[in-house]
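The following paragraphs lead through a protein model, from its overall make-up to individual side chains. Please keep the sequence and the coordinates at hand while reading.

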Amino acid sequence: MAERPDDERITAWALAAGRGDRDALAAFVRATQRDVLRFVTHLADPGHAEDLAQETYLRAVGALPRFEGASSARTWLLSIARRAAADAVRTAARRPRTSAVEDWDVVAARSGVVRGAADEAVLLGELVGALDPDRREAFVLTQVLDLSYADTARVCGCPVGTIRSRVARAREDLVAALDGAPRARRREA
């Protein structure tokens with residue numbers, strides 16, 4: 001796997017892109033697109049993650065000339081992604097959708113299906129998705145995207161102590177949810 005560029009290089013590309021350097025813009029997008037996509041996938045409907053990532057970059061490109069580098073460009077961009085995801089969640093809440101399809105876990109449990117590692121990964125993703133939004137946001141930024149607590153605090157617009165508390169509570173919530181989640185039955189040898 002290719003090494004991820006450091007925040008200083010990403011910030012330099014963003015500043016150059018803000019001055020009109022197209023190559024720097026391309027490098028900035030390439031260096032950050034994976035983190036943006038992973039972040040918005042955890043914050044909003046995963047089916048719309050690519051659209052949210054695109055919306056994030058549309059907003060960011062328009063704002064790049066005003067970016068001054070007070071924080072890292074990655075932190076700045078993830079703040080934009082956070083707002084784009086929040087806007088999408090608000091919009092989706094105004095248009096609720098219902099489905100007559102049963103929950104797949106209920107159907108699988110009733111049919112006696114044994115879940116594998118991929119199903120467990122999906123379950124973990126669902127558990128993270130079920131976290132309180134503030135806790136999920138702090139957890140994903142620090143534990144999935146490996147942002148520092150200080151950078152996460154800047155993205156979320158709150159004190160570092162609040163981020164530490166949210167991450168700790170998210171971990172507690174995940175442990176409690178895993179303890180209560182149905183376990184996959186072991187295959188008999």
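A polar contact is a pair of N or O atoms within 3.5 Å; within protein, one atom must be able to donate a hydrogen and the other to accept it, and residues adjacent in sequence count only if both atoms are side-chain atoms. The model is predicted, with local features requiring pLDDT of at least 70 and side-chain atom pairs counting only at pLDDT 80 or more, while totals for chains, interfaces and linings use all residues. Residues are numbered from 1 along each chain as its sequence is written, and side-chain values use heavy atoms, with hydrogens and water left out.

The protein has nine helices and zero strands; helices (H or I, at least four residues) and strands (E, at least two) are DSSP runs, numbered from the N terminus. Of its 189 residues, 35% count as buried. Here, buried stands for under 20% relative accessible area, exposed for over 50%, and partly exposed for values in between (1.4 Å probe, protein chains only). Contact means heavy atoms within 4.5 Å. Among contacts between residues at least 6 apart in sequence, 62% join residues at least 24 apart.

Helix α3 spans residues 49–63 and includes Ala53. Ala53 has a relative accessible area of 9% and is therefore buried. Beyond residues up to four places away in sequence, Ala53 touches Val36, Leu37 and Val40. The side chain of Glu55 makes a polar contact of 2.8 Å with the side chain of Arg59. Between Glu55 and Ala88, 33 residues apart in sequence, the C-alpha distance is 10.0 Å.

Helix α4 covers residues 73–94 and contains Arg74. Is this arginine, Arg74, buried or exposed? Arg74 has a relative accessible area of 6%, so the residue counts as buried. Its side chain forms a polar contact of 2.8 Å with the side chain of Asp35. A polar atom of the Arg74 side chain also lies 2.7 Å from the backbone oxygen of Leu145. With neighbours within four places in sequence set aside, the contacts of Arg74 are Arg4, Asp7, Ile10, Asp35, Leu145 and Leu147.

The structure holds one aromatic pair. The rings of Phe67 and Trp76 have centres 4.8 Å apart and planes at 40 degrees, so the pair is tilted. For this classification, rings of Phe, Tyr and Trp (its six-membered ring) pair if their centres lie within 6.5 Å; planes under 30 degrees apart count as stacked, over 60 as edge-to-face and the rest as tilted. Phe67 is buried at 8% relative accessibility, and Trp76 is buried with a relative accessible area of 17%.

Helix α7 comprises residues 133–144, and its buried residues are Arg136, Glu137, Ala138, Phe139, Val140, Leu141 and Thr142. Asp146 lies in the loop between α7 and α8. Its phi is near 60 degrees, a positive value in a residue other than glycine. Asp146 is exposed, with a relative accessible area of 56%.

Helix α8 runs over residues 149–156 and contains Thr152. At 0% relative accessibility, Thr152 is buried. Its side chain reaches the backbone oxygen of Ser148 at 2.9 Å. Apart from neighbours within four places in sequence, Thr152 contacts Ala138, Leu141, Thr142, Leu147 and Ile163.

How is α7 placed relative to helix α9 (residues 160–180), and at what angle do the axes cross? The two axes come within 8 Å and cross at roughly 100 degrees. The two helices are therefore roughly perpendicular. Axes are lines fitted to C-alpha atoms, for helices over the stretch in contact, and angles run from 0 to 180 degrees between N-to-C directions; those under 35 degrees count as roughly parallel, over 145 as roughly antiparallel, 65 to 115 as roughly perpendicular and the rest as oblique. Residues of α7 that meet α9 include Asp134, Ala138 and Phe139, and their counterparts in α9 include Ile163, Val167 and Leu174.
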